[in-house]
Amino acid sequence: MTTATEVRPEDERLPLGKTFVYGLQHILTMYGGVIAPPLIVGGAAGLSATDMSLLVTAGLFVSGLATILQTIGIGPLGARLPIVQGLSFASVSTMTAIAQDGGVRPIFGAIIVAGLIGLALSSVFAKLVRYFPPVVTGTIITVIGLSLLPVTFNWAQGGNAKASDYGSMANIGLAGATVLIILVISRLFQGAISRLSILIGIVVGTVIAAFLGKLDFSKVGDGPIFSLPPVMHFGSPTFQIGAIISMTIVILVIMTETTADILAIGEIVGTPVDSKRVANGLRADMLSTAVAPAFSAFPCSAFAQNVGLVALTGIKSRYVVAMGGGILAFLGLLPVVGRVIAAIPYPVLGGAGLVLFGSVAASGIKTLSRVDFDGNLNMVIVAVSIGMGMIPVAAPDFWHAFPTAVGTVMHSGISAAAVVAVVLNFLFNEITAGNRPDVSVFAAAPDERGNPIPDGE
């Protein structure tokens, strides 16, 4: 328990300048992920360019406010950890299906109801924390990193599979140059410069892209410079039972992913995370989700790529992330600034993402290194859970023939791994009746002297 003279790692306060720069690095890391869902869903709903821009701006604004709530906290709201909140990718496929049938108004109605259901379930859901020991959290963190890698590979190739230069040597070379810059800075420098390796890599990579003619600022001047997010721009939400049921399932998936991210960031920061703290984080997540439709925004969730940034930089202060939330909300009021940042070429983001997402997987492996694999079925838990989590990555159509409820949960590798790991851990470790010391041939491999590897080594 923290005493009055001790400061938790996440409560560290840095000088204002460093806080701003490190916060900006967080936003540059996740900016593309925030603007993608509005563009995809808005396109499916057949919205005009003006309305699409509004969806993007609203997403930035709400994500910023949600991040501040999650990091700073108000009463029982907020995990008070360095967690970036943004529009969830888990809901995109469901929202797209709803949009194709009835536009965006049924989406907003379904989000409101599902968000309130999630808010009501937060305390109960958080009680599951005891079923998330290192063998579960390490597996989930590893899958989070691995499942994000296809995104960065797509970015590295150009981000648009229909483009003529998609997968070209120029695009991949630009991504490779960004990775090289990050590695060189990490190797040659220490302290603040090393911790800013991602930001410096993105900036230098963007400059290289400009010299290669891959930087397009032509759309920066389109639209207003300053704009307040309008309330209920698309009219009052409508409530359709089918849409609400589908969105509620998605919300449970988002809650699973957010729980995993809260536990992951706790492991990385090195701070205790109990069920109360998880519940506070889920409440902030679900309240942000329920309020988002008022500003024409979509469900929020913790962003896994920023978990990787915390692991990579070692900057654990929640105030840094809160600053990033303020920057994000400010960008939501200044669409022109957001359009400038959106001009960063995808290959540059792909290079940075390779390091970031790989760091998430590496953090999961580090957590698994503390697990006792001798004389138990922990190896089987990890093996099967990672395998199930990789199904959506390796075979995206694998679950399409299954009922919607199953497909919605299992189509997310993160939630699939979480569900499988929790269930197997409960069956193999929580239920101890009948367990034997030589329970499985899948025990951990012995060391070089033939001795079993003890816990923690």
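The dialogue below goes through some computed features of a predicted model.

User: What kind of model is this, and which pLDDT limits apply?

Analyst: The model is predicted; local features need pLDDT of at least 70, side-chain atom pairs count only at pLDDT 80 or more, and totals for chains, interfaces and linings use all residues. Residues are numbered from 1 along each chain as its sequence is written, and side-chain values use heavy atoms, with hydrogens and water left out.

User: How many helices and strands are there in the protein chain?

Analyst: Helices (H or I, at least four residues) and strands (E, at least two) are DSSP runs, numbered from the N terminus. The protein chain has 17 helices and 2 strands.

User: What does the radius of gyration say about the protein chain?

Analyst: The radius is taken over C-alpha atoms, and the globule rule is 2.2 Å times the number of residues to the power 0.38. For 457 residues a compact globule would have a value near 23 Å; the protein chain has 22 Å, which agrees.

User: Which residues have the most contacts inside the largest nonpolar core?

Analyst: Such a core is a set of buried (under 20% relative accessible area, 1.4 Å probe, protein chains only) Ala, Val, Leu, Ile, Met, Phe, Trp, Tyr and Cys residues joined through side-chain atoms within 4.5 Å. The largest has 104 residues, and those with the most contacts inside it include Leu-60, Ile-144 and Phe-298. Helix H9 (residues 241-269) gives the most to this core, with 14 residues.

User: What is Ile-144 in contact with, leaving aside neighbours within four places in sequence?

Analyst: Contact means heavy atoms within 4.5 Å. Ile-144 touches Ala-260, Asp-261, Ala-304, Val-360 and Ile-414 in this sense.

Key: Buried means under 20% relative accessible area, exposed over 50%, partly exposed in between (1.4 Å probe, protein chains only).
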